[in-house]
Structure formats: C-alpha cells, structure tokens
Amino acid sequence: MSDDVKIENPSHPARFKPVRKGKKPPKLLAIVHQSGCTGCEVCIAGCPVDSIELVPGPDPKNPSYQQMVEIDLARCIGCQNCSQDCPWETITMYQHDDAFVAWGNETLSSGLYIDPPPMDEKKNEEIA
Ligand code: SF4
Ligand code: SF4
C-alpha cells in the first residue's frame, strides 16, 4: 500500500458495527502481515469486538490464496488474542502510534480504508 493518507471506507459493513468504547485509544493495535495470511479465519473467531474482516486475496485465481484478513484499527482494542491465535504468526501487535505506518507497510489490499476523494469531488459535495 502507498504511504498516502487513507480514510475509513464509509460504505464498508464494518462501519455499522458498534464503535470502540472509551475515550483513550488502546496502547497496542494489531496489524496483519497480509503476505503471510492464508485466510484461515482462525483469528476472526477469537476477536472479542468482531474487528477482523475478510478481504479478497491478492490472486483470486489461486485457490489456496482466495482471501486474507484485515483489522479495523478504529475498533481493535489491542487484546492480543489474534496475534496469539494465528497459526501462521502473521499478526503483530504495534504501539498505537506505530501501527499506522506498519499498516501501510503490511497491507496489500483493504476494503476498510480507502483513498480520500479527490478535491474536486469534495468541493462538489460541499456545494450540493
Ligand atoms: S487485538 Fe484483539 S481486538 Fe484487536 S483485532 Fe486482535 S483480537 Fe480483535
Ligand atoms: S489466523 Fe492468521 S493466517 Fe489465519 S486468517 Fe487470521 S491472520 Fe490470516
């Protein structure tokens, strides 16, 4: 993924799930090293806040690599369950402030976070 700033995808179904409680952000956030993710879904079952989402794999034609997961950083509470449960050791916990750079380095494909709309579109939205 590029270093460009991303925004939460407002149309992803995760945006309709309950938001994280508490004012302080968690100390740690979980980041998936997607190139090592097999899409086995083990981590999804153990997440107490349902913040792990499936995303298509980098090569949908490869049957052993049809899906990966990504983590909704806006909702992760840093419990570390997923990093301990992953049989492939492909989830790492990062300090909150380091997690966003790590996300950029480790994410191949995301449905949760998207590029912001171009400035022209923003202007049109403001005018409408
Ligand atoms: S650290 Fe905990 S809350 Fe965050 S994605 Fe992993 S299991 Fe879910
Ligand atoms: S448990 Fe690990 S390999 Fe399996 S889907 Fe989750 S991150 Fe990917």
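The following legends describe close-up views of a predicted model.

In this predicted model, local features need pLDDT of at least 70 and side-chain atom pairs count only at pLDDT 80 or more, whereas totals for chains, interfaces and linings use all residues. Residues are numbered from 1 along each chain as its sequence is written, and chains are lettered from A and ligands numbered from 1 in the order in which they are written.

**Figure 1. Overall arrangement of the protein.** The protein contains four helices and six strands; helices (H or I, at least four residues) and strands (E, at least two) are DSSP runs, numbered from the N terminus. Their order from the N terminus on is β-β-α-β-β-α-β-α-β-α. Of the 128 residues, 23% are buried. A residue is buried if 20 or more other C-beta atoms lie within 10 Å of its own, exposed if 12 or fewer, and partly exposed in between, with C-beta atoms placed from the backbone.

Figure 2. Ala99, Trp103 and Glu106 are buried in helix H3 (residues 96–106). Viewed down the axis of H3, the buried residues fall within an arc of 85°, so they line one face of the helix; the arc is that of the directions from the helix axis to the C-beta atoms. Asp97, Asp98, Val101 and Asn105 are exposed on the other side of H3. The cover over the buried residues of H3 includes strand E2 (28–32) and strand E5 (91–95).

**Figure 3. The largest nonpolar core.** A nonpolar core is a set of buried Ala, Val, Leu, Ile, Met, Phe, Trp, Tyr and Cys residues joined through C-beta atoms within 7 Å. The largest such core has 18 residues, of which Ala30, Ile31, Cys43, Ile71, Cys82 and Ile91 touch the most other members. E2, strand E4 (67–71) and H3 each supply at least two residues of this core, and E2 gives the most, with four residues.

Figure 4. Around ligand 1 lie 14 residues, and Cys47, Cys76, Cys79, Asn81 and Cys82 come nearest; a residue is near a molecule if its C-beta atom, placed from the backbone, lies within 6 Å of it. This shell comprises nine nonpolar, five polar and no charged residues. Ala, Val, Leu, Ile, Met, Phe, Trp, Tyr, Cys and Pro count as nonpolar, Asp, Glu, Lys and Arg as charged, and the others, Gly among them, as polar.

**Figure 5. The surroundings of ligand 2.** Ligand 2 is surrounded by 13 residues, the closest being Cys37, Cys40, Val42, Cys43 and Cys86. The shell around ligand 2 has nine nonpolar, three polar and one charged residues.

Methods:
Two residues are in contact if their C-beta atoms, placed from the backbone, lie within 7 Å.
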